[in-house]
Amino acid sequence: MTTLVLGHKSPDTDSTGSPIIWSWYLNKIKGVEAKPVLLGEPNTEALFMLDRWKLDKPEIISKVAAETPVVIVDTNNPAELPDGINDADIIQIIDHHKLVGGLETKGPIEIRIEPLACTATIMWKMIGKDLAQMPTEIKGAMLTCILSDTLEFRSPTTTNEDKAIAWDLAQDLGVDIPAYAAEMFAAKSDVSSFSEAELLRMDSKEYEVGGKQFRVSVLETTSPKTVLDRKAALMAAMPGVASEDGADQVLLFVVDILNEEATLLVPNDLVKSVAEKSFGATVSGDAVVLPGIMSRKKQIIPNLKV
């Protein structure tokens with residue numbers, strides 16, 4: 001039976017590229033029949049990566065049949081995976097997020113979780129000497145994933161290992177990192193074709209704090225004005241998205257990659273309280289700028305209070 005390699009719902013670049021990378025490794029190096037799949041439409045930066053490196057877009061699925069062998073990458077959170085994931089045969093987890101719990105396996109499995117900025121960085125380490133057999137397009141996906149998750153080394157999650165591996169890949173590929181990252185971020189910033197509801201779900205994770213269920217959404221962009229010009233419409237769409245997704249509130253952080261800050265939209269008193277208690281912010285309107293806030297994983301979710 002074909003092994004499915006999948007990341008989290010609302011797939012970003014890492015959750016699109018890492019299944020492709022690991023499927024190549026399982027197929028070509030380990031001799032295991034594997035297939036990358038996605039749990040939703042990839043974001044614009046991920047689509048740019050697929051086009052730039054001439055990679056096929058993986059099939060989008062919504063469920064996994066019972067007993068299907070599965071490798072989970074870039075998450076270990078059941079809320080970010082298909083319903084019934086524990087009925088599948090989970091054989092491996094590769095991730096760089098905190099351990100959430102709740103996954104159940106049929107037997108002992110290999111788990112690799114490291115405090116690095118990107119799943120692809122971990123995969124580079126795991127593949128080791130077999131990197132010599134990796135084709136250009138897979139290396140390109142790996143570099144793109146690392147630059148995306150580190151925001152070209154601006155994110156506080158960036159480690160020296162992420163940097164060293166990215167520079168090694170860039171040198172091998174003949175890629176100029178600043179120029180390539182600028183192309184990536186331009187693609188990520190082009191959200192004109194997306195509805196407000198799609199933007200709120202594009203890069204989001206579910207998180208519970210103080211009895212409140214939040215959908216924590218992040219839009220990373222080099223053109224924050226493009227998003228903030230739609231502020232009223234985005235806030236108007238929040239109650240509907242929250243209701244449909246079983247959340248109490250959507251928290252939207254618009255991350256300005258170049259100025260290294262985030263703007264949190266403040267549609268009501270609940271979000272105002274979250275901003276003040278979590279980040280020590282003074283809120284006087286329907287948005288608040290949070291200097292230095294870049295990472296949901298390291299700076300936003302760990303600090304959330306209600």
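Why does Cys118 count as buried? Cys118 counts as buried because its relative accessibility is 0%; buried stands for under 20% relative accessible area, exposed for over 50%, and partly exposed for in between, using a 1.4 Å probe and protein chains only.

You are looking at a predicted model, where local features need pLDDT of at least 70, side-chain atom pairs count only at pLDDT 80 or more, and totals for chains, interfaces and linings use all residues. Residues are numbered from 1 along each chain as its sequence is written, and side-chain values use heavy atoms, leaving out hydrogens and water.

Now for the cysteines. The structure has zero disulfides, a disulfide being a pair of cysteine sulfur atoms within 2.5 Å.

Let's step back to the chain. Of its 306 residues, 56% are buried. The chain contains 11 helices and 11 strands; these are DSSP runs, with helices being H or I of at least four residues and strands E of at least two, numbered from the N terminus. Along the principal axes, the C-alpha atoms fill a box of roughly 60 × 45 × 35 Å.
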